[in-house]
Amino acid sequence: MSTLVVRCGTLVMPTETQHNVYILAQDGVIKRITAAADIPSDATYVDAGDRTVVPGFVDIHVHGALDHDTMDATPEALEAMSRFFASHGVTSFVPTTMTAARAEIDAALDNIKVMMSRGTSGAQILGAHIEGPYLNVKQCGAQFPDLIRPANREEYCSWFERGIARLITIAPEIAANADLIDEALLSNVTVAIGHSDADYATAQRCFMRGVSQATHTFNGMRGLHHREPGVAGAVLANDNVVAQLIADNVHVHPAVMNIIYKCKTPAKLALITDAMEAVGLGDGAYKLGPQTITVRDGQARTASGSLAGSTLTLDTAMRNIMTATGCTLNEAVMMCGLTPAASIKLGDRKGNLAPGYDADITILDNQLQVQTTIVGGRIVYNRP
Ligand SMILES: [Zn+2]
């Protein structure tokens, strides 16, 4: 049995803050949080000192990092991503596929499944987010339009049957796409609206049918007009829907980030990175599926000028949302962990620090920079 003890000067959780407590975890799961120190001699002991201990971050929409992409479908890609994300406080993530030929998506999902059972040395893989190909060409963004297609039952059932899909993004205004909602929910796959040109009424109908999330709110969707509120208006107006937000100050203006925050509240606002392979590297030319992407000043764009994923990390997203909204660290931590985890039905294991939760812990310095990351009770990152 392995034991971890973390001494916390300040422990910041989604709805409360505690001081001078110890987190005690056994075999990767938190057993108790106590004021008294009963440290077994064989325990791994971490003294966070005057730093701030928070639940590890959960990224439910992320494509790649460090020249690697989920669509590479290689163990090395997911392993490199796992280590990089951990260095930014992420303790679990959902590798995200994109629009491609079936064989490529099959290979990416098979690779995710292999790496989930094998395990990664940084952040843990929670499953797959299937973003595309069942999207609307009118809102394709950087999704390759030639391979966007209506949902095919045999195809998506084969994806769900792998048992690792956690989330699928669809444009539900296309009838065949809406038809997969029931099957997805039966397979425990959360359905998000995204890359969608639905009008307000259609979007609200999809929420009635079980779509419970919106992919990168305001990006790749019909925007908010005061006489036709579009997908964006439906997402803001419907309290049941979790809104994903790329909080990089580029995809959405900070003032609109603040509007989304006020409408959704932290319990329904999930920060994501949507990061692509350039994150962690510099400006330059990269590939995204069959397209060439140019990164300049950290902004990734296609040849036509569309934003093509981000170079955001989740710790930066956390700091950005605090600046844009004036929210508390508790709220920011909720939006980086518990809300995204709960949105894919993992809110009882991830995103909080309490008995029964996985010992996924991030330690921040007083500038809110990541100092240490612990995944399943194991230290996977220490800032040099
Ligand atoms: Zn997208």
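I began with helix H6 (residues 200–209), where Ala203, Cys206 and Phe207 are buried; a residue is called buried if 20 or more other C-beta atoms, placed from the backbone, lie within 10 Å of its own, exposed if 12 or fewer, and partly exposed in between. These three cover an arc of only 100 degrees around the axis, which puts them on the same side of H6, the arc being that of the directions from the helix axis to the C-beta atoms. Helices (H or I, at least four residues) and strands (E, at least two) are DSSP runs numbered from the N terminus.

I noted that this is a predicted model, in which local features need pLDDT of at least 70 and side-chain atom pairs count only at pLDDT 80 or more, whereas totals for chains, interfaces and linings use all residues. Residues are numbered from 1 along each chain as its sequence is written.

On the face of H6 turned away from its buried side I found the exposed residues Ala201 and Met208. The cover over the buried residues of H6 includes helix H4 (175–178), strand S13 (190–193) and helix H7 (230–237). Just after H6, Gly210 takes a positive phi of about 120 degrees.

I next looked up the largest nonpolar core, which has 129 residues, with Ile193, Leu245 and Cys336 among those that make the most contacts inside it; such a core is a set of buried Ala, Val, Leu, Ile, Met, Phe, Trp, Tyr and Cys residues joined through C-beta atoms within 7 Å. Helix H10 (residues 329–343) gives the most to this core, with 8 residues. At least three residues of the core come from each of domain 1 (3–54 + 354–382) and domain 2 (55–343), the bounds being those of an automatic or database domain assignment.

For Leu245, leaving aside its neighbours within four places in sequence, I listed contacts with Thr217, Val252, Met257, Ile260, Leu269, Leu271 and Ile272, two residues being in contact if their C-beta atoms, placed from the backbone, lie within 7 Å.

Turning to the domains, I recorded 29 Å between their centres, taken over C-alpha atoms, and contacts that join 16 residues of domain 1 to 21 residues of domain 2. Strands S20 (361–364), S21 (370–375) and S22 (378–382) each supply at least two residues of the side of domain 1 that touches domain 2, and S21 gives the most, with 3 residues.

Last, for the whole protein chain, I noted 10 helices and 22 strands, with buried residues making up 55% of the 384 residues.
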